[in-house]
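Colleague: I'm new to this one. Can you walk me through it?

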Amino acid sequence: MSKKRDFEAVRKDIAKLMHQPEYDDGSAGPVLVRLAWHSAGTYDAETDTGGSNGAGMRYEAEGGDPANAGLQHARVFLEPVKAKHPWITYADLWTLAGVVAIKEMDGPTIPWKGGRTDYVDDSKLPPRGRLPDGAKGADHLRWIFYRMGFNDQEIVALSGAHNLGRCHSDRSGFEGAWVNNPTRFSNQYFRLLLSLQWRKKMLKNGVEQFVNFDEDTETELMMLPTDIALTQDKSFCKYVELYARDKERFFEDFSKVFAKLVELGIQRDNEGNITNSDNEKGGYHA
Ligand code: DDH
């Protein structure tokens, strides 16, 4: 294994693959952000299982979870980067790709540190069902995100990632984008949550979501039931209002909370070296 850990070079190569004219809205960015989030969002603080360490999505147990449908596109986008920098672990590559993608799409700079291992510790494998279900409500959001160690404000800030990308009926069953420009990071998601009229719509596949149709531009935007739940719950809604009116505050808080997300389950010493990843089994040598 190469000893050189040139993360800057990896960052540059990730940035270069962002432009994908044949894919979705012309960008690999949103699906890379989702890959980073799903790799980390399986964490359970109480049992210290799940999280980005181990890159378990490479294997059927986690990769084949219906909640992860479509994320193979993100992993395939990153293969040339892995081939060029074989020393980097997938666990680092996936989380770094999310951070780089957010920056490339005009989002905030997010602190990121490397050192995750690709060694899968069977005793740390997350069971399926740890990622949120978009058809549910506020109680479900708290159940899922409190488990990871997030509070109400952090749940709302994290949800602002839905400024990016879209739903695909062949992946999640939901369909459409949340905002008009889904490849530019902003607080538009929060503004639209509050300013537009959202009505329930049953899709042909029987899935229910919320939509707004703009007569002038003839465009339909969507929200998941979990997105709408943020406006219906008092404690969540005060942060939706805050982030809708204060984009800078949203960027600041999002940066902190996304950094926390990709560090879940990772312990470091004072120098930033990870102390709970077995370096002999797939991590980095000093
Ligand atoms: Fe999400 N998300 N997400 N999401 N998410 C989907 C797409 C994207 C939920 C459900 C869905 C976060 C939170 C939640 C992104 C980032 C983040 C899709 C559509 C569903 C469904 C998938 C598809 O059909 O392709 C639910 C429910 C929650 C919640 O309960 C809070 C968080 C925390 C993030 C984050 O990054 C911090 C991104 C980006 C996408 C767009 C992906 C794409 O391919 O485009």
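Predicted model: local features only at pLDDT ≥ 70, side-chain atom pairs only at ≥ 80, totals over all residues.

Colleague: Okay. Into which domains is the chain divided?

Modeller: Domain 1 covers 7-131 + 258-281, and domain 2 covers 138-253. Their centres, taken over C-alpha atoms, are separated by 23 Å.

Colleague: How many residues of each are in contact?

Modeller: On the domain 1 side, 23 residues, and they meet 16 residues of domain 2. Helix α2 gives the most to the side of domain 1 that touches domain 2, with six residues.

Colleague: And how do the residues on that side of domain 1 divide, nonpolar, polar and charged?

Modeller: There are 12 nonpolar, six polar and five charged residues on the side of domain 1 that touches domain 2.

Colleague: Switching to the ligand. Which residues come nearest?

Modeller: P30, P132, A161, G165 and S172, out of the 24 residues around the ligand.

Colleague: Which domains does the shell draw on?

Modeller: Domain 1 and domain 2, with at least three residues from each.

Colleague: What supplies the largest share of the shell?

Modeller: Helix α2 again, with five residues. α2, α7 (152-159) and β1 (166-167) each supply at least two.

Colleague: What is the make-up of that shell, by nonpolar, polar and charged?

Modeller: The shell around the ligand has 13 nonpolar residues, eight polar and three charged.

Colleague: Now α4. Where is it, and how far does it reach?

Modeller: Helix α4 spans residues 71-84, so 14 residues by the helix count. From first C-alpha to last, α4 reaches 21 Å, close to the 20 Å expected.

Colleague: Where does the kink in α4 lie?

Modeller: At L78, shortly before the proline P80. The kink is about 35°.

Colleague: Which residues of α4 are buried?

Modeller: L71, A74, R75, F77, L78 and V81.

Colleague: What covers them?

Modeller: The cover includes α1 (7-16), α2 (29-40) and α5 (90-104).

Colleague: Last one, E252. Which helix is that in?

Modeller: E252 lies in α11, residues 247-261.

Colleague: Why does E252 count as partly exposed?

Modeller: Because E252 has 13 other C-beta atoms within 10 Å. Exposed would need 12 or fewer, and buried 20 or more.

Colleague: How far is E252 from A157?

Modeller: Their C-alpha atoms are separated by 9.5 Å, although the two residues are 95 residues apart along the chain.

Technical notes: Residues numbered from 1 in each chain as written. Helix = DSSP H or I, 4+ residues; strand = E, 2+ residues; numbered from the N terminus. Expected span 1.5 Å × (residues − 1). Bend = angle between axes of the 7 residues up to and from the residue. Contact = placed C-beta atoms within 7 Å. Domains from an automatic or database assignment. Nonpolar A, V, L, I, M, F, W, Y, C, P; charged D, E, K, R; others polar. Near = placed C-beta within 6 Å.
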